[in-house]
Amino acid sequence: MDFLEPARGPLRGGTAIRIYFSGSSLSQVTKTCVFDGIPFGPAVQLVGEVICKVPPASSLGIFAPQRISLELSINGKDTSASRLQFTYLHDITVDSISPTFAFAHAAISTDVRIQGANFFNSPDLACRFGIASVPATFV
């Protein structure tokens, strides 16, 4: 296992994470994602990657943000030699968005201010408007 994305998500779980591999191909055996020693799956395998759905933190006995280990198992018992890390975070809450509307075909872009709690300052920070995703700035 080389890396995963995203490497963090909300305590409520449900985040689809992609685990990427390089160099060797994976066998087509059914895989299970193992979060902090607890199997949760099955995983979906694609070429060079495996997709896992993150369980709710409470199902792992976790009730506050923290980092956990992630492994893969092909038989439900034995796990991969390498481990990756996933971090549970508090759920983001949005209190307000300003302005609440803008013209879609405006010649000038519109800055949007989103206020709330538990935002995470990251180079990956972005806002999504429909299917368009744009970089965001943490202030």
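Helices (H or I, at least four residues) and strands (E, at least two) are DSSP runs, numbered from the N terminus. Keep those labels in mind for this tour of a predicted model, in which local features need pLDDT of at least 70, side-chain atom pairs count only at pLDDT 80 or more, and totals for chains, interfaces and linings use all residues. Residues are numbered from 1 along each chain as its sequence is written, and side-chain values use heavy atoms, with hydrogens and water left out.

**Stop 1: two cis prolines**

Please select Pro 99, in the loop between strand E10 (93–98) and E11. The peptide bond that joins Ser 98 to Pro 99 is cis, with omega about -5°. Now go to Pro 42, in the loop between strand E5 (38–40) and E6. Here the bond from Gly 41 to Pro 42 is also cis, and omega is near 15°. Both stops are worth a look because most peptide bonds are trans.

**Stop 2: two positive phi angles**

Most residues other than glycine have a negative phi. Select Asp 36, in the loop between strand E4 (32–35) and E5: this residue is not a glycine, yet its phi is positive, about 50°. Is Asp 36 buried, partly exposed or exposed? It is partly exposed, with a relative accessible area of 37% (buried means under 20%, exposed over 50%, partly exposed in between; 1.4 Å probe, protein chains only).

Next, pick Asn 118 in the loop between E11 and strand E12 (126–129). Asn 118, not a glycine either, has a positive phi of about 70°, and at 40% relative accessibility it counts as partly exposed.

**Stop 3: an open sheet**

Colour the four strands of the open sheet, in the order E1-E3-E7-E6, with antiparallel pairing (two strands pair if DSSP finds at least two bridges between them). Strand E1 (3–5) and strand E6 (44–46) are at the edges, each with a single partner strand, so one side of each has no neighbour in the sheet. E1 and strand E3 (residues 16–20) run antiparallel, joined by three bridges. Zoom in on Phe 3, which stands opposite Tyr 20 in E3.

**Stop 4: a nonpolar patch**

Finally, show the surface and select Ile 92, Val 94, Ile 97, Val 112, Ile 114, Phe 129 and Val 134. Together they form a nonpolar patch with about 560 Å² of accessible area (Shrake-Rupley method, 1.4 Å probe; for residues, only the protein chains shown count as cover). Patches are made of residues with over 30% relative accessible area and no salt bridge, with like charges joined within 9 Å and nonpolar side chains (Val, Leu, Ile, Met, Phe, Trp, Tyr) within 5 Å. A salt bridge is a side-chain nitrogen of Lys or Arg within 4 Å of a carboxyl oxygen of Asp or Glu. One member, Ile 114, lies in strand E11 (residues 113–117) and counts as partly exposed at 33% relative accessibility.
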